[in-house]
Amino acid sequence: MLLVSSFRGNAQNGTERKQLFDFNWKFFLGDTAAGRLKDFNDKNWRSIDLPHDWSIEGKISPENPTGGEGGYFPAGIGWYRKTFKFPGEWKSKKVSIYFEGVYMNSEVFINGKSLGIHPYGYTSFVYDLSPYLDFNSENVIAVKVDNSQQVNSRWYSGSGIYRHVWMEVTDPVHIAHWGVAITTPEVSSKKATVQIKTLIKNETGMAQSVVISTRLRDPNAKNAGNNQIKVQLAANSEQEIAQTIMVPDPMLWTPETPHLYNVQIQLLKNKKVVDDTKTNFGIRSIKFTAENGFQLNGKVIKLNGGCLHHDNGCLGAAAFDRAEERKVELLKEAGFNAVRTSHNPPSEVFLNACDRLGLLVMDEAFDCWRVGKKKYDYAQYFDRWWKRDLDAMVLRDRNHPSIIMWSIGNEIVERGSPEAVETAKMLAGAVKEIDTTRPVTSAIVEAGKDWAALDPLMAAHDVGGYNYHLWNAPADHQRVPSRIIVQTESYPKDAFANWKLVQNRNYIIGDFVWTAVDYLGESGIGRWYYSGDVPGEHWEHDLFPWHGAYCGDIDITGWRKPISHYRSMLYNNTEKLYMAVREPDPTPLEIKTTWWSVWPTWESWNWPAFAGQDIQVEIYSKYPRVRLYLDDKLIGEKSTTGEQEYKATFTVPYSPGKLKAVGLDNDKEIESTILQTSGDAAKIQLTADRKEIAANGQDLSYVTIELTDKDGIFQPNASNLLHFKIEGPGTIAGVANADMKDTDPYAGNARKAWHGHALVVIRSTHGTGDIKLDVSSPGLSGATLTIKSFQKK
């Protein structure tokens, strides 16, 4: 099977087919009906560039109507306007505007004319502008975004035009929007059969004769095959053209070797190019069976997956390219090989990064069907919009090699009813009208009755998605041997038990933990608390100031929690030794955990309040035995096999010093890791993930802040208030720590450290030169960092 990503346009007749339309917008927070009018005076509106999320800029407050589900952020109504002129040569062109995502209930106007309403905040949509353009004067695009009906989401959604906007300019005879589909019915190491289907539209009143010319290039940009077909198009018609190209000795796409080919499709009329597109793609085969599980290119792959919401932490929902790419990098570094885009289609650039970096994807459509979970959620739009939104997801995303499954829903409320079975069949059928190459699943959780009662719903899917129910898979296999099972959500604390089930049963293809990365909203899920605090789960109480989730393997600054290292060690061989310390009970209080939490565990040997008291030290190791030393004195030696495989726990009376864990093989010490007691915080250490960024107004550098003592030893208890100052062609896009109880603003120039860590995100402007970041805190030595902003050639 061969799949495609990154549908991009080339220049045709000197006009760029797809042009970024993100810059120089005006924004107003509030409602003004006159904002749609062409001659409306918006000079006092705020000037912004997209992508933009106004919710993250606001104050976190229990008074905000989004409540705990939305992280207590503001919502409301906002207006966007952009004034522009079109070149005269575009008069004969077809001009469209393409929105990758607007949350939510958007209405788009061109020169005062309404082009339409799009309720769902997560699917992409396009409008034809051609009939309404004024080529003699300025034009105005206006967008009303209505996120005022709350609550409409069970997690943080953000508000506004939070993904890219594009202007698409084509000849009246052109390749349709999302009009390319590429598959390979046969793939081997020796050859691949590439089938390319291209939908061509003739939007003129005359018959047209065109040639469709297709060329493949391999990952080294060498020619890999060509094909040409002459096509006759009737007036005002469309036609799908199929072409087949054989690729010898293909370089197969895998997570380890994500090779990407490229296909260029040109339309020629009278030997003149009238449309030209390029698309990256990857050649790979997928197969799902109960006997062998999931096979990629004939090899069995077990999915070590994580669920992921769409927000970017301190940036809110704004889908900057670098922020989306960094998420994929973090998942790969944490050992995940798969991601579930819970519970909505992700951004295009996220999927492009999954293609390029090698991360398998379960692409999900909806969180609900006809019965809602919140008063104003998607259920109120489902009957009118499900087909358009589902088609938008599959048509847009069908060509990404990273996507291996479609998910049509999550924990559907009506799941126990016969109507849900019919809806699932309807949705699965609609997916397969577009794409028959991937299986359809959805995430199913028990419905308060016998689990077997959900068998008819499971049967409407190709793969059974289990939320928190994998323990029942062996019995289900006895009852329904043909069922292929994936755990679509699991508790972090059950990592080892789930890993054993996945490893030992072919019909179970993998596990997706809830969740891969901490996120805003669903406030308090994954929390631990102390006796005397409000007890229970996040849905039982208002837990403000909690405003986000702490159930992720990775926190919102990008720091990998201990559970992340443990999970990766179960599935991978990339790391073999890790040590962390369980936070002790603050007697007389006790630490209480919740369903999605694990015990608070830290990379810390700084526990001054617990001198002489027993503390639990955890060592995760792929070595069969480990030793623990304190100041070079042997504390003990233990096995890491058995019921808690790859883990050993030591009880150590606390005293400051150097704690060292050592991995042994045949009684030989092979590898070690250290936790060392530090002094008081004295220095600020800055580390940028990128020292050079593009001067395009959207590129980012993530700067991690660690506080150390005077000798440079990390101080894990530091909570100093940090101040950020920036000079040069850059701005502060966001600031954060990982404390989901800290309600200080994410948009600002100050933030407290939490457990010694903080994060500041630098955004480029359109200027080049040095961006200087200065970080200071009273009583600490300050630190500076320089990032170069350059003009890409």
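**Note on packing and pairing**

1. Helix α3 (residues 382–397) packs against helix α4 (residues 418–434) at an angle of about 35°, and their axes are 9 Å apart. Axes here are lines fitted to C-alpha atoms, for helices over the stretch in contact, and angles run from 0 to 180 degrees between N-to-C directions. Helices (H or I, at least four residues) and strands (E, at least two) are DSSP runs, numbered from the N terminus. This is a predicted model, in which local features need pLDDT of at least 70 and side-chain atom pairs count only at pLDDT 80 or more, while totals for chains, interfaces and linings use all residues. Residues are numbered from 1 along each chain as its sequence is written, and side-chain values use heavy atoms, with hydrogens and water left out.

2. The crossing of α3 past α4 is right-handed, that is, the near helix is turned clockwise from the far one by less than a right angle. On the α3 side, the contact (heavy atoms within 4.5 Å) involves F382, W386, K387, L390, D391, V394 and L395; on the α4 side, T423, M426, L427, A430, V431, E433 and I434. By class, the residues of this contact are ten nonpolar, one polar and three charged. Nonpolar covers Ala, Val, Leu, Ile, Met, Phe, Trp, Tyr, Cys and Pro; charged covers Asp, Glu, Lys and Arg; the others, Gly among them, are polar.

3. Helices α7 (residues 495–504) and α8 (residues 562–571) have axes that come within 10 Å and cross at roughly 15°. The two are therefore roughly parallel to each other (angles under 35 degrees). The crossing of α7 past α8 is right-handed. A495, F496, W499, V502 and Q503 of α7 meet I563, Y566, R567, L570 and Y571 of α8, a set of eight nonpolar, one polar and one charged.

4. An open sheet of five strands runs in the order β43-β50-β49-β45-β47, with mixed pairing; two strands pair if DSSP finds at least two bridges between them. β43 (692–694) and β47 (750–752) are the edge strands, each with a single partner, so one side of each lacks a neighbour in the sheet. Strand β45 (residues 721–727) pairs with β47 in the antiparallel sense over three bridges, and L722 stands opposite R751 in β47.

5. The whole structure holds 47 aromatic pairs (ring centres of Phe, Tyr and Trp, the last by its six-membered ring, within 6.5 Å). The rings of F99 and F125 have centres 5.2 Å apart and planes at 15°, so this pair is stacked (planes under 30 degrees apart). F99 lies in strand β8 (residues 94–99) and F125 in strand β11 (residues 125–128), so the pair ties together parts 26 residues apart in sequence.

Technical notes:
Parallel < 35°, antiparallel > 145°, perpendicular 65-115°, else oblique. Phe/Tyr/Trp six-rings, centres within 6.5 Å; stacked < 30°, edge-to-face > 60°.
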